[in-house]
Each structure stands twice: as structure tokens, then as C-alpha cells.
Amino acid sequence: MTVTIQPTGISPADVLAVARGNAKVVLDPATVAAMVASRSIVDGIEADGRPVYGVSTGFGALANTFVAPERRAELQHALIRSHAAGVGAPMPREVVRAMMLLRVRSLALGHSGVRPLVASALVDLLNHDVTPWVPEHGSLGASGDLAPLAHCALVLLGEGWVLGPDGERRSAADALRRAGLAPIELAAKEGLALINGTDGMLGMLLLASHDAAHLFTMADVTAALAIEAMLGSERPFLPELHAIRPHPGQGVSAANIHRLLQDSAVMDSHRDDVAHAVQDAYSMRCAPQVAGAARDTLDFVRTVAGRELLSVVDNPVVLPDGRVESTGNFHGAPLGFAADFLAIAAAEVGAISERRVDRLLDVTRSRNLPAFLSPDAGVNSGLMIAQYTAAGIVAENRRLAAPASVDSLPTSGMQEDHVSMGWAAAKKLRTVLDNLTSLLAVELLAAVRGLQLRAPLTPSPAGRAAVAALGEIAGPPGPDVFLAPLMEAARTVVSAPDLRTTIERHTGPLH
């Protein structure tokens, strides 16, 4: 696949294709023309000797310091070196690739005053699979992701570090040489344009949005399987009950769960039983209200990310009429708020999932399933400690759900006196979603065990697909086994599309 950077920008699918699918990147000729036009304006400013931030002055609190023309290229190189000040473990390859692509996108819109050479150099890194080593700590999401983007820009100069094939740190100069690439020299304004963007937090938010969409659908799947295993009712998911509270996500989740519970001998076994519980517990009955609210939150996040994909994020910006104006568009508040909001929603989807697991394992509440889903409880502990693990993850997600975007700290001699912490918000969102994968995996494993223990009753098509997906690894209920590999296998089933695809062959599309 090839992603072409157009004058209108790129799509979320383009970002995923480059970040995870190794798609090649090319610049549309119209973007090259736009960069040439904006660069000519910067060259004119240089010739006139006008004081313009980042072109003929220092940066941040040094904005009033004039820099002589003969030192302005040096200024740009010094900027990159000094701002590449991150520490910690390297960010994942997919995040760095997304970040570089998004910086190319912003430069190519023709408001940054850089030569096409600069954008092409970033494209070359992507196309030759040269991934800068970007430490996890350094960005405050204020003047964009300054430190992370500086670590990327430093590689263009033939300095700094890159990620090796096994994740080890290697010399950027050696990596460029092996790839047949040459370092570039920066001109006025270009170093600043390479680092003044929200590309890191936006890249993480786009990747997280894609993952959350899949996980929220899988949350409907695991909820339905758990409800089926606990002999729950399908009636709370009838469409007419959700039409009278028309939150869009709630209606979608309810429709998914209702569809997943059809054609089940397990459900048929108690449908007309007057002694059956009149109302199921909240963790069962209110599954669509929680997962649906998360879906609506995700819709908001996608709207914010979509707007940012259309945005020129730089400072200063070059306008077509020749003006060069300072902006605050690099401030990451919109993305930080969105990431924090989605982390809260995802944490609650995981929290209600763990409550269903606890109910499945409790002999007093699981409607005649054996304690901890073990046929020989006492000698065997079944899934007892799997629920401990889930409880610990829920507690961690609650800590991670505390918003980063309210935690501003002033920097740069009080010039940057309010920062967004958007990078931190997006980074912890990714952790929350990874934790959600584990929580849904525990629920999937518990629900499959519960459905197996309902034999000879035949579960729904979704239940049969889930039992088949885990059955080869987990086997039938029996004596205790080494549980960690089963939980890892269940994580793989949750995160991959295969189980959903199999279920949809029987149920029709899940939304």
C-alpha cells in the first residue's frame, strides 16, 4: 500500500497503514508546490532582516534575543540538539512512525516555511524503515511534542539514536549509511518547524481510537457470553427499551448483546421459568449503558482527532499573504482532554467486566455453576486467582484514569506557563487499553468455562465460537493447570479480529 500526502492531508486509515502496516509514503506534487511557496516567504524575511520568532530570534523565553543571519542555520541545529532531551525507555515503533508521518503531513500543508527537502527526508526515514529512538519522557504537550519530535529530527542530521531490529539502541549515522541516506542541513525556521507539533499525542490518540473501537465491540461479546453462562435474561436488551433513552452507543451495544444471545439452548432453558430472577445484577443488565457511553466517548475522540488531522500545527505559521504570525495552535489541550476522557471510559468498561467475572466465580451468585468454575473446587482453585489479577488491573486502571490534562506545570522561564500534558494523557490511554484487553480476556476465559459447564445445553453461535477458539488451548473444565498461558491465549483471541469474524458469520455484523 502507498499513502500519498495530499494538500488536504491524510486519513486515520493512512496513519494506521504507515504505523502498523509499513505502507510506503509519497508526497503529492501539489504539496511540494505549497512548501516551495511558503519557503519563498521565509527567504524574503531573511533578505529583509525583519525580526520574526524562530527565524531571526531565539526560542521560548529567549524569543527577544536577536540572532545574526550568519548564525541562523546554527540556531536550528542547536535547537534540535538541545531539545532532544528525553529519558526513559523507547516509545514503540508504531508510535514513532505515526508521529513522523503526521509531522510530514503538517509540513506538507505549506504553512511552515520549510523546503520540500525536509519533508522528503522524513519520508525517506519511513520508507527505509529507519525509526528514531524516542524516549518516553520529555513532552509536556505544550509547544507540541518538542522533545520527542527533536529526537526524530536529530536523526535527519545524522545524529542521535535509532531503534535496531531487536529494539536495541543504535547510532543514527550508521543507520542512515546502511539505508543509503545522507544527513541534511537545516535552514532558517526548519528546526523549529520539525518539532513544534502535536504529532506524538495525535498519533497515539489515532492508534488508541482504532484499538478502542475493536475492544468496545469485544466487550459486548464477552458480556453476552458471561450473561449467557450465568443464565441471565435477554429482555433488558430489547430495542424498544433503548429507544426510550436514545444515547447512540447504548443502542448499539444493546443490539449487539441481544443479537449475540439468540439461538441458544442455554437461554431457552430458563426463558419461561417464573422462578428465575426478575432482575439481573447491574453488571449484567447495565452492560449497554456503560459500554455504550464508552462508544459515545469514542465518537467524540474521533471528532477531535479528525479536526487535528486537518490542522496546521506549527509556530510561527506562514500565511499565503506573506505574513508570519505566532500562534498557540501547538497547545495539546484538545487532544489531552480527549485522551483522558477515553481513558476514563475504557477503565469503566474493564471495571464492569471484572464484576461479571467475580459473579461467574461466586457459587452464591452464579446460578448453580461450581465455585470458581472448577468441577472439583477445594483441591482445585479454578479461576480464583485470575479474578485477583483482574481486580488488580482494575485498580491500576482507576489510577491511570486520573486526568493528566489538569496537571499543568510552568516551563521556559514562565513563557510556557500552561502546558497540556497531552503526551502523558495519550501514553497512559494506551496502557489503559492494553489493560482492558487483559480484563476482557479474563472474562472470555471465565465465560467459556461457564458455558462448558452448562453442557449438555448448547450455547449460542457466539458461545460455540468462543468455546472453539479457546477449547484447543484450555480444554474442558477439569483439574487445575498452569493458568498464565491460557490467559495470554485469551488476550490474543480478544485483540485479534478472528473470533469476531467467526461470530459475525452467524449473527450478522456487530457494530
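Modeller: Let's begin with contacts, meaning heavy atoms within 4.5 Å. Among contacts between residues at least 6 apart in sequence, 79% join residues at least 24 apart. One caution: this is a predicted model, where local features need pLDDT of at least 70 and side-chain atom pairs count only at pLDDT 80 or more, while totals for chains, interfaces and linings use all residues. Residues are numbered from 1 along each chain as its sequence is written, and side-chain values use heavy atoms, with hydrogens and water left out.

Biologist: Got it. How many helices and strands are there?

Modeller: The protein has 20 helices and eight strands. These are DSSP runs numbered from the N terminus, with H or I and at least four residues for helices, and E and at least two for strands. The C-alpha trace spans about 90 × 50 × 40 Å along its principal axes.

Biologist: And what share of the residues counts as buried?

Modeller: Of the 511 residues, 55% count as buried. Buried means under 20% relative accessible area, exposed means over 50%, and partly exposed is in between, using a 1.4 Å probe and protein chains only. The accessible surface comes to about 20,400 Å², and 57% of that belongs to carbon and sulfur atoms. Those areas come from the Shrake-Rupley method with a 1.4 Å probe; for residues, only the protein chains shown count as cover.

Biologist: Which domains is the protein divided into?

Modeller: There is domain 1 (2–196) and domain 2 (205–408 + 416–507). The bounds come from an automatic or database domain assignment. Their contact takes 46 residues from domain 1 and 31 residues from domain 2, and the C-alpha centres of the two domains lie 37 Å apart.

Biologist: Can we zoom in? What does Leu-444 touch?

Modeller: Leaving out residues up to four places away in sequence, Leu-444 touches Thr-222, Leu-225, Ala-466, Leu-470, Ala-490, Val-493, Val-494 and Leu-499.

Biologist: Switching to charges. How many salt bridges does the count come to?

Modeller: The count comes to 29 salt bridges. The rule asks for a side-chain nitrogen of Lys or Arg within 4 Å of a carboxyl oxygen of Asp or Glu. One of them joins Arg-81 and Glu-159, at 2.8 Å from N to O.

Biologist: Why does that pair tie together separate parts?

Modeller: Arg-81 lies in helix 3 (residues 72–83), and Glu-159 sits in the loop between helix 6 (146–156) and strand 5 (161–163), so the pair ties together parts that are 78 residues apart in sequence. Arg-81 is partly exposed at 44% relative accessible area, and Glu-159 is partly exposed at 24%.

Biologist: Last one: which residues form the nonpolar patch on the surface?

Modeller: Phe-300, Phe-341 and Ile-344 do, with about 260 Å² of accessible area together. Patches are made of residues with over 30% relative accessible area and no salt bridge; like charges are joined within 9 Å, and nonpolar side chains (Val, Leu, Ile, Met, Phe, Trp, Tyr) within 5 Å. Ile-344 is in helix 15 (residues 333–361) and is partly exposed, with a relative accessible area of 38%.

Biologist: Great, thanks!
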